[in-house]
Every structure is written in C-alpha cells, then in structure tokens.
Amino acid sequence: MPAVIHGTEHRPLIVGRTLFDYADEVSQAVPASCRRTGRCRECVVEVRQGGDGLSPRTDAEAYLPGHFRLACQAHIEDMSADVEFSIIRRRMRILGASVRPVGTMDPVVTADDLAVRYAGQPIDLRRNHVLGLAIDVGTSTVAFEIIDLLTGNAVAGGALENPQRFGGSDVMTRISYEKDFPGTMRLALRRALNHQLRDLYRENRIDRHEVYEAVVVANSTMRDLFFGIDIAPIGEWPYRSITEQAMRDGEASSTWVRGRAHEVGLLMNPHGRVVGAPLIASHVGADTAADLVAIDLEGGSGVRMLVDIGTNTEVVVTDGTRYLAASCPAGPAFEGGLVRFGMPGADGAIESVRLQGDGFAYETIGDEAPTGICGSGLVDILAELRRANWMNTEGRFRDGLDEYLVA
C-alpha cells in the first residue's frame, strides 16, 4: 500500500491530510509559529518522492522552488504512489560546548560592579552573566556557541541545518534566488536561529538580555546575506562583496560589519553589538579568517596548508612569507547532496564506519536506528575500503562489484 515516508517511519496515505499531520504522527517537530496558516513560512520540507500526489502549490508557497513545500499547505490528493519528505530545519549534532577555554582575553565587552560596558561605555546595568555568541553560518549548517565574556569559558552550544537550502545548495544559486525573492532567505535563517537560541537560553537559564555581543563568521555570501547586504556583486566579476570593494576604493578601512542586535534581528540584548568578521577576498570569507586565527597559522614555520572542507571549500597555503588563498564550490556532498542515503549530521546519521570481517560495523548519531549517512561516515567508508584494498585508487571496487552494503 502506498505510504507517506519520513526517515524510517511509514504511514498509510489518507487524502486530505497534510505533511504536517504526518510529521505529528511520527513525533517529528516541524518549526512553525503561525498555527499552520502558511503565514510564518517556517515549516519548509523537502519532498523527495511523490510530489505529484500532493495538492497544488498555494500562494504562501510561491517563493519555494519545485521539490520544497510548506508542510501545512501540502495535502495528499493522489493515493497511487509513495510520498517521501524530510524536514529542512533539523537540529544538528555536530557541536557541543567547547571544553577548552579561550586563551588571552581582551574583550570589548567588560563589566564592573555597576555596569556592563562596550569599549568602556555603559550599555546596561550589571546582570548575573556577561555573555557573547560565536556564530558560524555555513551554507549547509549553522553552528553557534555561548561564551562567558569574563572567563572565556564556553557555556553551551548547538547547530542546525541552514533553512536557506530552499534557495539553492550552493552560494551562486542563492545569489540568484535572492534577486527574485529579496530578504526571504535572511528571514528564514533569523527565525530558525532565534528559535534554537530561545531553547538554549531556556535550558541554561539565561536571560537573552545577558548576551551583549555576537561575532558572525561565514563565507562572503552568507555573511553579507546575514546582515542584509546586497550579495549580487559577489556573483559577478570580480566576485567581491560590497564591503571589499569599498575598502579597495578607499571608502572603508576594513571589511568588518557591525550593527546592533535589534537592527539585525538577533535574539540577544537589543543594544548589544553583532559583528561580522572581516573577509579575505572574493569568496574566501570570514570563516577562513577565523580558521587562520584559531590555528595560529602565522605563528608556525615552514610550508603549511589550511583546508576548510564544506559546501564552499577554502584552501590557504603559506611558506611563512607569502600566503595564497583559493575557494572552490565543493558542493553539499558531505551534507547528503547527490548521495542516495546521504543526510546532514542529525540523529540517525551513520557517522562512523569500520570493516569487521566481511562486513561493516557502524555507529549512528544519538545511537538511533540508521536513517542515512553523513560526511564523516562517507569518509570512514572510503578510508576503510582503501585500507583493506577493497577499492583501488581509481575508486573501483574489488572483484568487479558495483556496491557494498553497510547494514
């Protein structure tokens, strides 16, 4: 009998039911804040199979391309074939609070017995905590961490699937999408991130007013999109952010971006500052700049190389006197793109694989039943196949096989 499928859960098709109804039935939380009227545009799902059996797209879904739908708007109309869907805004399991404190501290946000100060100027009365946010906006995954600005210790952290995926899986596609639906992707990310932050604050008994600064790193496109800066120039020759061009023209001293929380729409102290870290050049953005600081590439010796593999991949090479940087669109392969059972690093993803006898042993995120495989699992499989000579350097399997089963 045809069914609606989400992960490993199957439910019979019933005409008139929405995909939201089926998500409820299998206890999968779909983001929404408008009581399922389609106004909040948060319940985006990806229909992987059987889209023709759903009701026509409504006006509320006009901004979504082909296989993306709003769960509250998509009804079952045809019972002749399976319908498979997945939720876009899943909570990722790739990051927890860091156990290593920050080294030398010189924060712009300080506090004394009377006030919290930004660069010496009072911005609030002293509260129980003085906190900051570190946010990495990846094309596929968004990671964040709450930091105690007085001690440098991490308080809590988390990650989520970037809900902007309906605008395309790579930055160039999203630049094109932004031209047609300006502001839509920024709003989707803001709502998703604030939703996760609200939960994190509640779990850790944090008042959002105690968060006074946020530093955002991302590739050039994602950073500018976060701050509402026109990203069209990054998609055209010479592929530069407006901030980079302004610096080159002598109109600005750097590519840093700064704004207040209430201007950016981030859930923290409204008068707190949100800072976008500087870009390097073109598509080599603030995330790479943060990488260089984190590993202190400048402090080493000899020839060194940094490789940041993601949907947008960056490479930096130095011989100690000269630095060369490049960027390339690696695609969302490590987030499940174009992989039959691929998925991001969420619960149920196979994250670790090893050969055991004539088969494979594996571990899943959250120790749940496997629903797919994420990037670390893919890397493990390739490494194990090469180690055992089950696959040659050209990627061909031994004995003429065309597949291996991980089960």
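Colleague: How many helices and strands does the protein have?
Modeller: The secondary structure of this predicted model consists of helices and strands numbered from the N terminus. The protein has eight helices and 21 strands.

Colleague: What radius of gyration does the protein have, and how does the globule rule bear on it?
Modeller: For 407 residues the globule rule gives 22 Å, and the protein comes close to that value, so it is as compact as a globular protein of that length. The C-alpha trace spans about 70 × 55 × 45 Å along the principal axes. The radius of gyration is 23 Å.

Colleague: What percentage of the residues in the protein is buried?
Modeller: A residue counts as buried under 20% relative accessible area. Of the 407 residues in the protein, the buried share is 45%.

Colleague: How far apart are the end C-alpha atoms of helix 8?
Modeller: Helix 8 covers residues 375-387, which is 13 residues. At 1.5 Å a residue it should span 18 Å, and the model agrees with this. The end C-alpha atoms are 18 Å apart.

Colleague: Which strands are included in what covers the buried residues of helix 8?
Modeller: The buried residues of this helix are Gly 375, Gly 377, Ile 381, Glu 384 and Leu 385. Their cover includes strand 19 (349-356), strand 20 (359-364) and strand 21 (372-373).

Colleague: Which residue with positive phi follows helix 8?
Modeller: The phi of this residue is near 60°. The residue that follows helix 8 is Asn 389.

Key
Residues are numbered from 1 along each chain as its sequence is written. This is a predicted model: local features need pLDDT of at least 70, side-chain atom pairs count only at pLDDT 80 or more; totals for chains, interfaces and linings use all residues. Side-chain values use heavy atoms; hydrogens and water are left out. Helices (H or I, at least four residues) and strands (E, at least two) are DSSP runs, numbered from the N terminus. The radius of gyration is taken over C-alpha atoms; the globule rule is 2.2 Å times the number of residues to the power 0.38. Buried means under 20% relative accessible area, exposed over 50%, partly exposed in between (1.4 Å probe, protein chains only). The expected span of a helix is 1.5 Å times one less than its number of residues. Contact means heavy atoms within 4.5 Å.
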